[in-house]
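Colleague: I have a structure open and would like to talk it through. Could you take me around it?

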Amino acid sequence: MTTRGARWIGAAALTASIVLSALGQLAMKNGMRHLHLAGAAEIAWPITSPAVRAAIFWTVLGLAAYGTSLLTWLAVLVRYRLSYAYPLLALSYVLVYVGATHWPQLLEPATPARTLGTLLILAGVALASLTGERADR
Amino acid sequence: MNSLLLLLAVALLSASQVLQKVGASRRLAGTTKPAQWIAALFSPELLAAIACIVAGTALWLAVLYRMDVSRAFPFLSLTTVVVMAASRWYLREPVTLHRWAGVALIVAGIALVAST
């Protein structure tokens with residue numbers, strides 16, 4: 001641990017990975033939603049349809065956030081065991097759920113079963129990650 | 001169709017995690033210079049990891065085209081189960097009962113979200 005830089009670098013990389021992967025999912029979903037709205041007839045070259053342009057914008061933005069999260073994730077993997085770090089990534093499920101049901105662009109329906117299921121996953125993540133044993137490498 | 005796409009995406013993204021961990025341990029650990037990091041990115045392990053993630057992400061976009069993200073995303077935590085098993089039996093990391101109990105809760109949560 002000490003040979004691999006200060007402790008805060010690992011924590012910052014982990015936080016960035018969780019937040020960026022959630023933002024990436026929401027942006028990619030919004031891109032696919034615009035593509036859905038566009039319909040097959042509008043998908044043509046050159047790109048003039050506003051819906052197709054919005055689809056490309058959000059998908060590329062989502063992929064960029066996702067790609068950046070992969071780089072920060074490598075910084076996490078150098079420092080922690082996979083079996084410790086990977087379950088923590090599931091914290092982004094909660095961020096995606098709250099974002100998808102509250103972001104005006106998406107406004108997906110929040111159902112009791114989905115909310116409870118997402119909370120169960122979070123409880124599972126806490127149990128799997130926070131066991132107090134050695135987490136490094 | 002949706003479940004086939006989801007399962008294929010989970011398989012590819014899980015494989016990528018294991019390859020990334022192997023690459024990070026073998027190639028990135030102990031490096032200090034940016035030139036070494038770039039060389040590590042082009043190692044077979046990390047190139048394979050990137051290929052798996054690109055293919056997995058393409059399939060994932062097809063899933064998002066068809067499903068709500070609040071419903072589809074929890075299914076990605078199946079990856080946690082696969083990665084935990086691979087950590088234990090392939091990477092030989094110690095995995096405690098606590099962690100398996102956590103995995104069981106995650107599976108229960110996915111089942112609940114899937115039922116909606």
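This is a predicted model: local features need pLDDT of at least 70, side-chain atom pairs count only at pLDDT 80 or more; totals for chains, interfaces and linings use all residues.

Colleague: What is the share for chain B?

Modeller: In chain B, residues 24 or more positions apart make up 70% of the contacts with a separation of 6 or more.

Colleague: How many helices and strands does chain A have?

Modeller: Chain A has 5 helices and 0 strands, and the pattern along its sequence is α-α-α-α-α. Its radius of gyration is 18 Å, well over the 14 Å that the globule rule gives for 137 residues, so chain A is more spread out than a compact globule. Along the principal axes, its C-alpha atoms fill a box of roughly 55 × 35 × 20 Å.

Colleague: And how many helices does chain B have?

Modeller: Chain B has 6 helices and 0 strands, in the order α-α-α-α-α-α. The box filled by its C-alpha atoms is roughly 50 × 35 × 20 Å along the principal axes.

Colleague: What percentage of chain A is buried?

Modeller: Of the 137 residues of chain A, 45% count as buried. For chain B, the figure is 42% of 116 residues.

Colleague: Within chain A, how many residues of helix 3 are buried?

Modeller: Helix 3, residues 82-89, is mostly covered, with 8 of its 8 residues buried. Among them are A:Leu82, A:Tyr84, A:Tyr86 and A:Pro87.

Colleague: Which residues touch the most other members of the largest nonpolar core?

Modeller: That core has 68 residues, and those touching the most other members are A:Val76, A:Leu77, A:Ala85, A:Leu88, A:Ala90 and A:Val96. Two of these names meet directly: leaving aside neighbours within four places in sequence, A:Val76 is in contact with A:Ala85, and also with A:Gly10, A:Ala13, A:Leu14 and A:Ser17.

Colleague: Turning to the interface, how many residues of each chain are in contact?

Modeller: There are 39 residues of chain A in contact with 40 residues of chain B. Helix 1 (7-38), helix 2 (50-79), helix 3, helix 4 (91-102) and helix 5 (112-129) of chain A each supply at least two residues of the side that touches chain B. Helix 5 gives the most, with 12 residues. By class, that side of chain A has 25 nonpolar, 9 polar and 5 charged residues.

Colleague: Which residues of chain B is A:Met32 in contact with?

Modeller: Leaving aside neighbours within four places in sequence, A:Met32 is in contact with B:Leu61, B:Leu64 and B:Tyr65. A:Met32 is found in helix 1 of chain A.

Colleague: Why does A:Met32 count as buried?

Modeller: A:Met32 counts as buried because it has 23 C-beta neighbours inside 10 Å, and the threshold is 20 or more. The C-alpha atom of A:Met32 is separated by 8.7 Å from that of A:Ile56, 24 residues apart along the chain.

How values were computed: Residues are numbered from 1 along each chain as its sequence is written. Chains are lettered from A and ligands numbered from 1 in the order in which they are written. Helices (H or I, at least four residues) and strands (E, at least two) are DSSP runs, numbered from the N terminus. The radius of gyration is taken over C-alpha atoms; the globule rule is 2.2 Å times the number of residues to the power 0.38. A residue is buried if 20 or more other C-beta atoms lie within 10 Å of its own, exposed if 12 or fewer, and partly exposed in between; C-beta atoms are placed from the backbone. Two residues are in contact if their C-beta atoms, placed from the backbone, lie within 7 Å. Ala, Val, Leu, Ile, Met, Phe, Trp, Tyr, Cys and Pro count as nonpolar, Asp, Glu, Lys and Arg as charged, and the others, Gly among them, as polar. A nonpolar core is a set of buried Ala, Val, Leu, Ile, Met, Phe, Trp, Tyr and Cys residues joined through C-beta atoms within 7 Å.
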